[in-house]
Amino acid sequence: MMTYPHLQNGSDIRGFAIKTAKQEVTLTDEAIKHIATNFSSWLTKRIGEKDEKITIAVGYDSRLTGPAIQEQLLSTFMQAGIHCLNVKMATTPALFMATQFKNYNCDAGIMITASHLPKEYNGLKFFTKEGGLEHEDIAYLVGELHPLTGPVDQVGETDERALLDDYANFLVDTIRSKVNNRIHSKTPLEGRKIIVDAGNGAGGFFAEKVLKPLGADTEGSQFLDPDGHFPNHIPNPDNKEAMKSIQAAVLKHKADLGIIFDTDVDRSAIVDAQGKSINRNNLIGLIGAIVLEENPGTTIVTNSPVSSHLERFIQDKGGEVDRYISGYRNVINRAIELNEEGIDCALAIETSGHAALRENFFLDDGAYLAAKILIADAKIKEKNQSVTQLIANLKEPLETEEVRFVIKANEYRSIGKTMLEDFSQFIEETEGFELVPKNKEGIRVNTTGKYGAGWFLLRMSLHEPKLVLQIESDEYNKIPMIKDELKSFFLIQDRLDSSALF
């Protein structure tokens, strides 16, 4: 019997949906039906008996294969007697909110997306009222087939709903109520020029249906029309070409702010009026400063490679940073866990831009993150300032570098674990390198002496057979010295491709 474990990507499903010269389709019709059947079984068991039919909302981003995959899902669900809502073009956060909006009250939402990956990919993200599915839940969906037992009373039905419109209205209402501007109660962003780069993903709605109703001037916004060919640039705030594009647009049109989304809008980044990107550590600092004003002393969960400067910045504002394991579900679950332990935690955010606020169901939502920043900007503009001045004191390293080593073995995880243990011993024996205690992922090291002030981190990649080395230095020309010292360790690892060091 066919199973599809190769389609699991952590707490999501991803695969090739378009055949290329090098790759066959892996997200096949059979795989989609299999996964939908298992999700029907999983959801039925989870919910138990209920008077009404189970309801699932299904939407897609701008990828070319989205509508066809949706058709397979809806067909399978209807055969299982499930009521389906076809919400057509949508975003990942909107699909979760279909389980929260009272006029939807869905038992589950499914977003058809492969996030920022190239156009030949597609995938699935699953939500219930409690949040996104976990790794073990996805393993069930791609494992052996679990058809529903017992007869289905009647075939399910499908209704069409304009979820993205309702979600946009939710964001508009949120911004209006939190800015609470008496003069411009309906248009609190009046006088602000804010441009959006959607990269031809699903985020174009934000300019037309959120910013404009709030009074913002959006002239200069670009690539708003959904187009799964992604003809302009990859919809990914972490992509250098994409970031350069929005930076140039901000400067050309003399905008106050620029906002760039990834394909399914669960991530975003900001560009200030000077064309500087507010991403990664700077983005964490910005939303962290905003959150700390509302939640003094709160803890912010991040993934492991955050800058030491970011940690000190948050601490200087009275907060704490909890460096945790990489992976957006990991940092979200850690934040939930801390709150359950009685430790106030209002924000979970990765350097990749996945940001989840407690006030918003700990949902990683790029549009809500942008809305939160716009709320703060609308309040601070009365002082003739920009919200990005909140991170004016956030120091940045002078040099950074990332090196990825391929582990040349099938059993790469066990080999990587052994290498990390050996690396820790190597660091303890090397003058000028100091192990950071209580580090939750990989080996983090502070540099001193001839290597200058800085740090580096060696960790396993989340999904690939690789070790990742990230280095930051506050002094010029120290990274080559650090790498040269580390060669004596890496070059003797016969199952590691060390060529990336050269």
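What follows is a short walk through one predicted protein model, from its overall dimensions to a few individual residues.

Let me begin with the ground rules. This is a predicted model, in which local features need pLDDT of at least 70 and side-chain atom pairs count only at pLDDT 80 or more, while totals for chains, interfaces and linings use all residues. Residues are numbered from 1 along each chain as its sequence is written, and side-chain values use heavy atoms, with hydrogens and water left out.

On the overall picture, the protein has 13 helices and 23 strands, where helices (H or I, at least four residues) and strands (E, at least two) are DSSP runs numbered from the N terminus. Its radius of gyration is 23 Å, close to the 23 Å that the globule rule gives for 502 residues, so the protein is as compact as a globular protein of that length; here the radius is taken over C-alpha atoms, and the rule is 2.2 Å times the number of residues to the power 0.38. The C-alpha trace spans about 75 × 65 × 50 Å along its principal axes.

As for burial, 59% of the 502 residues count as buried, a term that means under 20% relative accessible area, with exposed being over 50% and partly exposed in between (1.4 Å probe, protein chains only). The protein exposes about 21500 Å², of which carbon and sulfur atoms supply 47%; these areas come from the Shrake-Rupley method with a 1.4 Å probe, and for residues only the protein chains shown count as cover. Among contacts with a separation of 6 or more, 68% are accounted for by residues 24 or more positions apart, contact meaning heavy atoms within 4.5 Å.

Let me turn to the sheets. Strands of a sheet pair through backbone hydrogen bonds, either parallel or antiparallel, and two strands are taken to pair if DSSP finds at least two bridges between them.

Within it, β15 (residues 345–349) and β16 (residues 355–357) run antiparallel and are joined by three bridges, and Leu 347 has Leu 357 in β16 as its bridge partner.

A further open sheet has six strands in the order β19-β20-β21-β22-β18-β23, and its pairing is antiparallel. Here β19 (433–435) and β23 (496–497) are at the edges with a single partner strand each, so one side of each has no neighbour in the sheet. Three bridges pair β19 with β20 (residues 443–447) in the antiparallel sense, and the bridge partner of Leu 435 in β20 is Val 445.

Two bridges join β2 to β1 (residues 8–9), the two running antiparallel, and Asn 9 is bridged to Asp 12. In the hairpin of β1 and β2, which has two residues between the strands, Gly 10 takes a positive phi near 65°. Strand β2 is also joined to β6 (residues 121–128) by four bridges, again running antiparallel, with Gly 15 and Asn 122 as bridge partners.

Val 87 lies in β4 (residues 83–89) and counts as buried at 3% relative accessibility. Beyond its neighbours within four places in sequence, Val 87 contacts residues including Ala 57, Val 58, Leu 95 and Leu 163, and its C-alpha atom is separated by 5.8 Å from that of Glu 160, 73 residues apart along the chain.

Finally, a word on backbone angles. Most residues other than glycine have a negative phi. Asn 105, in the loop between α3 (92–97) and β5 (108–112), has a positive phi near 50° and is partly exposed at 48% relative accessibility. Phe 361, in the loop between β16 and β17, likewise has a positive phi, of about 65°, and is partly exposed with a relative accessible area of 44%.
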